[in-house]
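Subject: Structure handover

Dear colleague,

Please find the structure below. Notes on what was found in it follow.

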Amino acid sequence: MSPLTLKSLLNKRSDFTAWLQSWQEMQGNALAVEDQHHQLIFGEAVAGQSESFPVNLNDEILGWVKGGPQARLIAQLMSLQLQKEAEKKKLGAEVLSLYQELNVIYNFSEKLSQTIEPEVIAKLTLEQAIHSIPSHSGVVVLWNEETKQLHIPARSGLPLFNEEKLRSQPGLLLKIGLGGQSEIVNEFDVLKDSGILEAPVQSLIYAAMKAKHRIMGAIILAGMEAEQYSAAHLKLLVTLALQSSTAIESAMLYEKNIREVREREEAILRIHEVTKKFVPSEFIRALGKDSLTDVMLGDQVGKNVTVLFTDIRDFTTLSEKMTPEENFRFVSAFNARLGPVIRAHRGFINQYLGDSIMALFPDAPEDALEASIEMQEAIQDFNLERSREGLQAIKAGIGLHTGPLIMGITGDEYRLDAATISDTVNTAARIESLTKYYRSPLLLSGDALLQIQQAERYHIRHLGKVQLKGKYNVLNIVECINGYPAEELQLKLRTLDYFNEAMSAYLNRDFGLAAEGFQQVLRLDPEDHAAKYFINIANKYQHQGVPDNWSGAEAMMHK
Amino acid sequence: MAQKILIVDDEAHIRMLIEQTLEELEDEGVEFITADNGEKALHLIQSEKPNLVFLDVMMPKMNGMEVCHKVKRELGLEGVFIILLTAKGQEFDRQKGQEVGADVYMTKPFDPEMILEKARQVLALS
């Protein structure tokens, strides 16, 4: 605040100056005003015997009025006017300082509103406090109610606080009165003695941070000069602390909410991941839905698919030797090997039925065939491991059939299930059970074979025709031998042409030629059960004959 | 001739605050004039030709925008530097401010240091 001078009073285009001029003109009296250095600042120099009257402001002479007797009154009037101006100025300065404080708080609120991180809020608060309340050092301490620990999210200035000692002796803060109040601390030797405050600290001020009557922490500022802090500083610090504690409280609440929402989302995601395993996502997608939650009772879709059935041979005998737990582990280990193979060939497992698997291949039948061949290899690997553990080798049959299929959601209001309803599924299951008769590990229907592109890539043996139980139509059955272990495969390849020619003869009712052909196969490959099977039938028909309407199909009465 | 600053605001404490903020310029010979409404402001701008005007936007009778438009666009007093003052949070149409020819606009509560700096810059005082 610049000092008030007589010159500035008269310089002002004030009513007073105007009045003085009119007064002088009216009176016609010579009047002069001089400043404290006797420099003329108003009127004209007055000759000789005139008197000088001082103009005072708070006992300080700021100038003189020279002239006749009236000059005394003018001097008194000017003193009064100066007094008034000085008061106005003082008031103005105070209002401005309040306004500056308001501006600080306003800007601070604006900054706070832009962040939701408690740490950032603490840092901003300290930064603002040190800017507005000149200090050598400062910290923000927060008390964590859950961990019962003091946390120091912000620090600034010189290292006058020993944070480690502060954290390890939070009780000492209470000793200097750091409770709910805020104050300028005069006695803080205990903090110096305990090493929390460094020796050069001469002044200390703090404001408590409170939320809902709970003390959450404090802003503490330290200065190296004596009596560095005033009541005005304390008032400002309290305001800043109040604002920041509200902001930190909201930020922590926000963080907590976000954390909870995230946890809930993760839980839902985990449920989703698990349900996906129970109902294949391919199944849901086939129904034109994105998620299991969108699926409704009665949803359905029709598709041409290849159905794969696989089943462990002689599982009953095998399982008799195991405890239920061992049984479960065994089936799980088996399934764990085959699942990935099925998925790798764009298939998905529709159902596990004890020791058997039902899988669907919605794209192409060769996917299913490739998967089947690879599954046989996987089983061979599995057996290799089992033999190392002294366990018996297992065998599995695989049956494939291609045809229309309806996938849908069936059940009732309380219990839903993904279901496939189709004759194709039954047929595939029946074909799989035929593997027992021929002891062939991989059988497929003629319908499936017909829809396989570039079928010449595979080695196919024709196994005649069957009429399945309860069916009118006759089904061609073929065997794919690609999946046999190398040695067996060599034998099967060597006998392939004999076998297929014998089968042609058989279907042409030339049972003698057929029996001869199958015999030839057996001579090279005595373990070929399919050949044995057909020799028996051919021999029977050769002696008994067949009806005129014989279709070449064997009626399969068992499942 | 002395440089003049005109402070126009209908709120007395704002006029006082600006005057108090710029107080030190008085020692450098700058004269302050104040007005509490747009009409008075327009008169004073014509008669006193101030170098700088702090002009509040929201005022009764004639608002700051109208005053600014009259001065800059109708009276052609291009030499008068006009700083429009708007309250924070109050919608300020930048484009409209430009259309009426305002040189700068500032928001209230203003930063005293910024106001002083700007005034020194406009009056070419160091």
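A residue is called buried here under 20% relative accessible area, exposed over 50% and partly exposed in between (1.4 Å probe, protein chains only). By that rule A:Tyr506 is buried, at a relative accessible area of 1%.

This is a predicted model, in which local features need pLDDT of at least 70 and side-chain atom pairs count only at pLDDT 80 or more, while totals for chains, interfaces and linings use all residues. Residues are numbered from 1 along each chain as its sequence is written, chains are lettered from A and ligands numbered from 1 in the order in which they are written, and side-chain values use heavy atoms, with hydrogens and water left out.

Aromatic rings: rings of Phe, Tyr and Trp (its six-membered ring) pair if their centres lie within 6.5 Å; planes under 30 degrees apart are stacked, over 60 edge-to-face, and the rest tilted. Over all chains there are 16 aromatic pairs. A:Tyr506 and A:Phe511 are edge-to-face, because their planes stand at 75°, with ring centres 5.6 Å apart. A:Phe511 is also buried, at 6% relative accessibility. A:Tyr533 and A:Phe534 form another edge-to-face pair, 5.2 Å centre to centre and 90° between the planes; A:Phe534 is buried at 2%.

Regards
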